[in-house]
Amino acid sequence: MQTVIDVSRLRQNIRRIRARTRNEYCAVVKSDAYGHGIASACYIEPLVDCFMVATAQEAVELLSIVRKPVLTLGGDIAPYTRMYEPQIIPTVYDGAQLDAIVGAGYKRFSVEIDSGMNRLGADENKLCGIVEKCKELNVKPWSVYSHLYGGISSAGAQAAEFERLTANPLLQSKRHLYCSCALDLNGYNLFDMTRGGIAMYGYHSGTSVCMKTRAKIVALNYVAKGEHVGYGDYVLARDSLIATVRCGYADGLRRCDKQLYLKVRGVKCPIIGVPCMDLCMIDVTGLPCRVGEYAYLIADKDDAEYLAKCYGTIVYEVLTGFNGRAQRIYV
């Protein structure tokens, strides 16, 4: 399995987002850059102001290839109390966490506010504690942010709550609330920074998909009507040319009860039977294909969205599922 990332499209997506938002830009590269590979960060560093990841481990890995600040999302602060890296900007959401972070040597930190999602973040009472702790320690947040739970549908109410909760001058440092949905907001205060996630990778109108997922055809077999293909009891209804492809559920091609396909030479070829751990079989009857050429699981946005629909999930989950053995190629 290979994921092929078009770096020029990735860069162009960032330019388009920045032209629309006209504020600072934070590139979200958590979960291996949404399946595009953490190495993609080095290709876009000149175009961004900072990066965001989910964990301390991701931050340390990222800082092996970039030099700009790396924000980490909230949660477990224990790793930061055991190490100090000046380019990492941890998140806190109560006074005790802030005390621990500053005690570990961190001069820069972010404050996450709960504006309605009720997942992580400081409520109004905890914010008061953070403000008092900032005064006590003589520190100020590097950034203050929150998350939208409903995209555009909740943007208005949450923006008003975010404004209210950050009224204190100590909480007005580099505020950021919006991610990819910022591209759809007209007349809104977009605050100081935008976090670019799924739109940066091409899954938003006005941006271009920059990753294709493919695997090689490793065998071609003429199989007679009535013969079995793969595990289980699948039987061919006609004489067929069956291509075996080096891609299975261990690579991110999940089993499901919907008809999946791979594209060969632009033609949708149905998967026959069920995907194996390392392989799958597709019907290429009538196609002049050969061993060694590629079959595409994702060639464009429609393919990814179709997979998400078949899996009963969202594109984010599909993209982050191609990990482990996937070879990433940047072009």
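1. Most residues other than glycine have a negative phi. Helices (H or I, at least four residues) and strands (E, at least two) are DSSP runs, numbered from the N terminus.

2. Before going on, please note that this is a predicted model, in which local features need pLDDT of at least 70, side-chain atom pairs count only at pLDDT 80 or more, and totals for chains, interfaces and linings use all residues. Residues are numbered from 1 along each chain as its sequence is written, and side-chain values use heavy atoms, with hydrogens and water left out.

3. Asn118 also has a positive phi, near 55 degrees. You will find Asn118 in the loop between strand E7 (110-112) and helix H7 (124-137). Asn118 counts as exposed because its relative accessibility is 63% (buried means under 20% relative accessible area, exposed over 50%, partly exposed in between, with a 1.4 Å probe and protein chains only).

4. Now turn to helix H9 (residues 301-311), where Asp303, Ala304, Leu307, Ala308, Cys310 and Tyr311 are buried. They sit on the same side of H9 because they cover an arc of only 165 degrees around the axis, taken from the directions from the helix axis to the C-beta atoms. On the other side of H9, Asp302 and Lys309 are exposed.

5. What do the buried residues of H9 pack against? Their partners are strand E13 (261-264), strand E16 (294-298) and helix H10 (315-319), with contact meaning heavy atoms within 4.5 Å.

6. Finally, H9 is followed by Gly312, with a positive phi near 70 degrees.
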